[in-house]
Amino acid sequence: MLSCDICGETVTSEPDMKAHLLIVHMENEVICPFCKLSGVNYDEMCFHIETAHFEQNELERNLERVNTRQYETSDNREDNSLQCRMEVNSSIHSACASNHPKISAQSPPKDGTLKHKAFFSENLTESRKFLKSKEKQCDLPTIKGSIYETMYSPPDCPFCGKIEDCNQDMETHVKTKHANLLETPLEGTDKVQCSKDLELAHQLQQEEDRKRAEESSQEMEEFQKLQRQYGLDNSGGYKQQQLRNMEKEVNRGRMHPSEFHRRKADMMESLAIGIDDGKTKTSGIIEALYRYYQNAATDVRHVWLSTAVDHFQSSFGDRGWGCGYRNFQMLLSSLLQNDAYSDCLKGMSVPCIPKIQSMIEDAWKEGFDPQGASQLNNKLQGTKAWIGACEVYTLLTSLRVKCHIIDFHKSTGPLGTHPRLFEWILNYYSSEREGSPKVVCTSKPPIYLQHQGHSRTVVGIEERKNRTLCLLIFDPGCPFQEMQKLLKQDMEASNLRQLRKFVGNLKHKQYQIVAVEGVLTSEEKVAKRQASQVFTAEKIP
């Protein structure tokens, strides 16, 4: 006799039990005991419960019940088999406690009374067949195995998705087919392959580290190169470079030791009083040019010259980085000879380069150009830091000299030339060209001219008979001996070659000029200082 595990109905054979289950239990409306899902058949409901409410069933509790079940002796093996089968089925189906509205423990159906509050799982029939084939071998491990086979779906491979019958087969599949993906590879060929992969990964990592180290080293070298180029490498300033270069001259036999000590003493004195020693200065060139143009230069229609200006050549102490300071000295030398600026520059002399650095630092402390000060770490003294148009403007403004910066930020002519720059300078020096004499000594100071990597001083401009323009430029890199040739009475046109710059000679991408316009009042100086908080320049075009 067979008893229904759901309602307790007793039947004589297994086919009758199947018919009973189909008619009585499987055709009735089935409702999920956990989420009230309905409208599905029995097999679909069992699949829903096992997949959606797996953690809510009572599997572990039923396993413990199986573990604690005591079995009878081997003399009653057949009865034990049937009892084991019924216990397992009861354990399986009790995992799904039913809230079916038509069936309850208090109101049993007409064809039997309920003994349990659960439905069959979808694998009930399979589990019965499995237990029937194992009736002669009914023991605890087998019962546990049948429970897990009934309740759990076959394992699938996490790498390729293949489904195996049991966990052991799946473990074998993973170890054989995917050993290279495991933390602990197999012995033999797979182990060798994994070792090669690790070695390749190690080599790739070493190569990446090497490239990063090379890039970092290259960046550092470029940064240090820029620091050296712009005098920010903490290698000393004007004084240190002057002494080193003079020592080299002595070692090469170009300077007598006594001359070295004499120059060193003169340098120390100049630094102490803050005034340039004048050893690289050439005066009187503007006057010499005036005489030359009066008597020669037949191809020149007009020429305009600035006020008197001294030429200052770079020396041992600033060679390679001091052009901005030397051009400021030229500009200041002209202003000191102009009575219009005697009030704001009263008592001044042309300062030496370390003194100019100190004066710029003082202007920064007053509040001029904080951005520029920050870029140079608020320090110039004791360095070989370059200065440009902004620093010259800052220093002049702090001295109450009115000036402004004009930025010719791109080419305005063919082949990268800047004809607009030449036109602006012509208009600066000459207000009326027609009817003026051939040579005009204006009251305009020279112009500070800056481009990438170098700066010079514009002291005049020629208008030639073919209407082309030519600038007259003082370059601090021009040797003292060459500038002295301009002072000769019989100066030749070839001597002017170092001064003359035509439109085709100036092809840098960008040029900036600092043009002096007069004297600032105290109120205008304050306004200029405030305006320098965000530095701006007039742009042409």
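Predicted model: local features only at pLDDT ≥ 70, side-chain atom pairs only at ≥ 80, totals over all residues.
How much space lies in the largest cavity?

**First selection: helices 9 and 10**

Select residues 238-251, which form helix 9, and residues 257-273, which form helix 10. Two packed helices are described by the angle between their axes and the distance between the axes. Here the axes come within 10 Å and cross at roughly 170°. Because angles over 145 degrees count as roughly antiparallel, helix 9 is roughly antiparallel to helix 10.

On the helix 9 side, display Y238, K239, Q242, L243, M246, E247 and V250. Their counterparts in helix 10 are P257, F260, R263, K264, M267, M268 and L271. Sorted by class, this contact comprises nine nonpolar residues, one polar residue and four charged residues.

Two cavities of 30 Å³ or more are present in the structure. For the largest cavity, select the lining: Y238, Q242, M267, S270, L271, D276, D277 and C352. Among these lining residues, Y238 and Q242 also belong to the helix 9 side of the contact viewed above, while M267 and L271 also belong to the helix 10 side.

Which helix gives the largest share of this lining? Helix 10 does, with three residues; helix 9 and helix 10 each supply at least two. Colouring the lining by class shows four nonpolar, two polar and two charged residues. As for the opening question, the largest cavity holds about 50 Å³ of space.

How values were computed
Residues numbered from 1 in each chain as written. Heavy atoms only, no water. Axes fitted to C-alpha atoms, helices over the stretch in contact; angles between N-to-C directions. Helix = DSSP H or I, 4+ residues; strand = E, 2+ residues; numbered from the N terminus. Parallel < 35°, antiparallel > 145°, perpendicular 65-115°, else oblique. Contact = heavy atoms within 4.5 Å. Nonpolar A, V, L, I, M, F, W, Y, C, P; charged D, E, K, R; others polar. 1 Å grid on protein atoms, 1.4 Å probe; cavity = no way out; pocket = protein on both sides within 12 Å on 5 of 7 lines; lining within 4 Å. Points joined across faces, edges and corners; volume = space filled by probe spheres on them.
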